[in-house]
Amino acid sequence: MSFTRAPAQLLKQATKASVPRASKQVVKRAYSLLAREVPKATTFSRLGATRSVKTLDFAGTKEDVYERADWPLDKLQEYFKNDTLAMIGYGSQGHGQSLNARDNGLKVIVGVRKGGESWKQAQEDGWVPGETLFDIPEAINKGTIIMNLLSDAAQSQTWPEIAPLITKGKTLYFSHGFSVVYKDDTHVIPPKDVDVILVAPKGSGRTVRTLFLEGRGINSSIAVYQDVTGKAKEKAIAIGIGIGSGYLYETTFQKEVFSDLYGERGVLMGGIQGMFLAQYEVLRKNGHSPSEAFNETVEEATQSLFPLIGKYGMDYMYNACSTTARRGALDWAPKFKEANLPVFEALYKSVRDGTETRRSLDFNSRKTYRQDLQKELDEIDNQEIWRAGKTVRGLRPDAQKDEI
Ligand SMILES: NC(=O)c1ccc[n+]([C@@H]2O[C@H](COP(=O)([O-])OP(=O)(O)OC[C@H]3O[C@@H](n4cnc5c(N)ncnc54)[C@H](OP(=O)(O)O)[C@@H]3O)[C@@H](O)[C@H]2O)c1
């Protein structure tokens, strides 16, 4: 599915540090870029308007997809005219989602602990103490839609303090199924008399923000855990659009958290890191230089071949390569699949039985978790492969601008 790209200027204008709030025109423009024809309409709105649900064929399975084109700004603002979105937490998701919702003209307040990093960051982004920035209990009391965007470990730690404030009539929102699905470990058990919904953007909160400003909108999952009002799904869709999604895919809390924990430990992060390291190590052991090993492992992958897979699919990438490369890769792909399958099976089991959750809660609840994490990341930064990578990246034409 292709999107219209906004002019680079639009993004530049809106991401300037000195412009924390994108102008009305920028937001309207972002919206108009997504307005397109929709094929199939079904009635579905508390406003009584007709709106569309796209039923698409995903490789033979039909699924409903909800999209931003169905929620023009005035409809979105009308829908939430009596609501206050209380963003609890201001990490990468809190930042992206709250700024997008604010730019969409929704009433948003932020709740974080006073004096922390987030309190400082929120003020830098234009949230005003006592007006739009509060400590966590005060923000929950003022909000009608309580968006729990604390870190997953913090959601569990703070739940005893937060739970009594989630009173009847409020809506409880998450961006991950983690806390409620693994309730035996997190002890997060929502009150019975509130809607509990999820919008999980498929990417970092920074991307939630930049894609919104580009006029594209991130893909997100939506799910309903508890529907007291009969409107929970509709609310999830509307909030999903409000926080800057372009397209929304329906799932359940459990499927969202299982697939998310599995994917990030697998191909998205852990798996790819392991593959890179293994391939690099064998090249080095066989006398290849660091630059050759890096170029053949990471640089060509990220700069040339992976973007082709992303843009046009795996078959296209094969077609773009030499006949020699193609033949060898086609022969070796099944061997890699076979070798990896048991690891992926073990990983899924570890996600499903809660082992991964307990490990994460345990590590991320430590007082020293930031320092402990930094130590591990520093070790990665110090590995030869990534040190070689810095030099290789330094030769790119845009190196000075991009290198951090
Ligand atoms: N990041 C992603 O790519 C991503 C994508 C999709 C969904 N999600 C989900 O979105 C939610 C938020 O994730 P995130 O990455 O944006 O945030 P995060 O970095 O995991 O969490 C940061 C927030 O938690 C607060 N916090 C941490 N410990 C706390 C404590 N003990 N008491 C009070 N506040 C505490 C921090 O405040 P201080 O600054 O004061 O410490 C900060 O505001 C999670 O459920 C996550 O799974 C994340």
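At what angle do helix α13 and helix α19 pack, and how far apart are their axes?

**View 1. Helix α13 against helix α19.** Helix α13 (residues 270-285) packs on helix α19 (residues 384-394) at about 85°, and their axes are 10 Å apart. Helices here are DSSP runs (H or I, at least four residues), numbered from the N terminus. Axes are lines fitted to C-alpha atoms over the stretch in contact, with angles from 0 to 180 degrees between N-to-C directions. So α13 is roughly perpendicular to α19, a label that covers 65 to 115 degrees. On the α13 side, Phe276, Leu277, Tyr280 and Arg284 meet Glu384, Ile385, Trp386 and Ala388 of α19; contact means heavy atoms within 4.5 Å. Sorted by class, that's six nonpolar, no polar and two charged residues. Nonpolar means Ala, Val, Leu, Ile, Met, Phe, Trp, Tyr, Cys and Pro; charged means Asp, Glu, Lys and Arg; the others, Gly among them, are polar.

**View 2. Helix α18 against helix α19.** Helix α18 (residues 369-382) packs on α19 at about 65°, with axes 5 Å apart. Here Ile380, Asp381 and Asn382 of α18 meet Glu384, Trp386, Arg387 and Lys390 of α19. This contact has two nonpolar, one polar and four charged residues.

**View 3. The shell around the ligand.** Of the 24 residues around the ligand, Tyr90, Gln93, Arg113, Ser118 and Asp152 come nearest; to count as near, a residue needs a heavy atom within 4 Å. By class, the shell has six nonpolar, 14 polar and four charged residues.

View 4. A ligand oxygen sits 2.5 Å from a side-chain N or O atom of Ser118.

**Notes.** This is a predicted model: local features need pLDDT of at least 70, side-chain atom pairs need 80 or more, and totals for chains, interfaces and linings use all residues. Residues are numbered from 1 along each chain as its sequence is written, and side-chain values use heavy atoms, leaving out hydrogens and water.

Definitions and conventions. Helix = DSSP H or I, 4+ residues; strand = E, 2+ residues; numbered from the N terminus. Parallel < 35°, antiparallel > 145°, perpendicular 65-115°, else oblique. Polar contact = N/O pair within 3.5 Å; in protein donor to acceptor, adjacent residues only side chain to side chain.
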